[in-house]
Amino acid sequence: MTEPPTRTLPETLDGLRQRLGDIEAGKADIRLGKRSRHVLALLIGAPQQAAVSSISELADQLGVNASTLSRLAQRLGYGGFGQLQAVFRREVTEGQSFYSDQASRLLEASGDTVERARLSRLARQESANMAGLLERIDPLAFEQTVTLLATAHRVRVHGMRQFHSLALFMAYGLGMLRPDVAPLDAGRQGVADALAQLDPGDVLVVASCFPYTPSVLATAEVAARHGIEVIALTDSESSPLARVARHSFPVPNHSLFYSNSMCAFMLLAEGLLSDVASVLGKSGLAALKHRETMIAELGASL
């Protein structure tokens, strides 16, 4: 008996968009109802949302049942929704237009003509991001992360691009309280050599969000495979980093800023470090006093 031809599955967003066009034009080897075509168009139109949200979150956002998304993926020929979602995740990880897209939205919002109106709007958005962070924090995960940061033999912090500044801030702040803390690649010897210095049970804090930096994702995956405790500061429960982390914290970062908003990330970092100081108690205080002594002795040499 002749087997039916194997259907070629779109592996890119452009391919998925072309498949939808063929379906709507009646040129495809499958048919989708009007509702399913509408849902697929919404997913294609919001690849970041489709990439980082769980199937239940997406279903709520689109006003459908999760089973609708599963059936849509299967009708398209994918093994399940996860395989369809992988198309969007590749797009947002490898996509090159995030920053210009953000800037375009900023320009579209140029109706803020009153002096400082845009700044006021940004402030309201950042306040909402920080409030959303507090609502989404898992208290047990927060407590266990603080314990790990306070007691692990070694702690390294890793982030690229603008998250490099967050990594430096966390490494500096935690290093004020306890020994053997550093950015992952502090000596510029390379990530592989830096990871090789860590043992199972050591901690690696990673930070990234859409568009996810592939090297940060790979670093987290390798670290987790070798028994290193990965803590992720990211943007969603469905973030690629959340899948490999011992604990992950979804940080809202929606604003008019042309890149990823950092305010809520900095709040989370300060909150974690403040609780570490409380847990360390007298030893943390002694570390701070020792640092103050060094500053005083160096004096003008600083």
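Predicted model: local features only at pLDDT ≥ 70, side-chain atom pairs only at ≥ 80, totals over all residues.
Colleague: OK. How many helices and strands are there in the protein chain?

Modeller: Helices (H or I, at least four residues) and strands (E, at least two) are DSSP runs, numbered from the N terminus. Here the protein chain has 14 helices and five strands.

Colleague: And burial? What share of the residues is buried?

Modeller: Buried means under 20% relative accessible area, exposed is over 50%, and partly exposed is in between, using a 1.4 Å probe and protein chains only. Of the 302 residues in the protein chain, 41% are buried.

Colleague: Let's do the strands. Which ones pair with β1?

Modeller: Two strands pair if DSSP finds at least two bridges between them. β1 pairs with β2 in the parallel sense over three bridges, and R156 stands opposite A182 there. β1 also pairs with β3, again parallel, over five bridges; V157 faces V205 in that pairing.

Colleague: Which way do the residues of β1 point?

Modeller: V155, V157 and G159 go one way, R156 and H158 the other, and all are buried.

Colleague: What about β4: which strands does it pair with?

Modeller: β3 (residues 203-207) runs parallel to β4, joined by five bridges, with V206 opposite A232. β4 also pairs with β5 in the parallel sense, over four bridges, and there the partner of I231 is H247. Six of the six residues of β4 are buried, so this strand is largely enclosed by the rest of the structure.

Colleague: How do I read the handedness of a crossover?

Modeller: Look with the strands pointing away from you: a crossover is right-handed if the path from the first strand over the helix to the second runs clockwise. β1, α10 and β2 make a right-handed β-α-β unit.

Colleague: What does F88 touch?

Modeller: Contact means heavy atoms within 4.5 Å. Leaving aside neighbours within four places in sequence, F88 is in contact with L13, L16, L43, I44, P47, A50 and A51.

Colleague: Back to α13. How far apart are its end C-alpha atoms?

Modeller: The expected span of a helix is 1.5 Å times one less than its number of residues. The 18 residues of α13 should span 26 Å, and its end C-alpha atoms are 26 Å apart, which agrees. Its buried residues are A264, F265, L268, A269, L272, L273, V276 and L280, and they pack against elements including α8 (117-136), β4 (229-234) and α14 (282-298).

Colleague: What should I make of phi values?

Modeller: Most residues other than glycine have a negative phi, and most peptide bonds are trans. R161 has a positive phi of about 55° although it is not a glycine. R161 sits in the loop between β1 (155-159) and α10 and counts as exposed because its relative accessibility is 56%. D180 is another non-glycine with a positive phi, about 60°, placed in the loop between α10 and β2 (181-183). At 32% relative accessibility, D180 is partly exposed.

Colleague: Is the loop residue L241 buried or exposed?

Modeller: L241 lies in the loop between β4 and β5, and counts as buried because its relative accessibility is 0%. Not counting residues up to four places away in sequence, its contacts include V206, V216, A220 and A232.

Colleague: Last one: how many disulfides are there?

Modeller: A disulfide is a covalent bond between the sulfur atoms of two cysteines. The rule used is a pair of cysteine sulfur atoms within 2.5 Å, and by this rule the count is zero. As for individual cysteines, C209 is buried at 2% relative accessibility, and C263 is partly exposed at 38%.

How values were computed:
Residues numbered from 1 in each chain as written. Heavy atoms only, no water.
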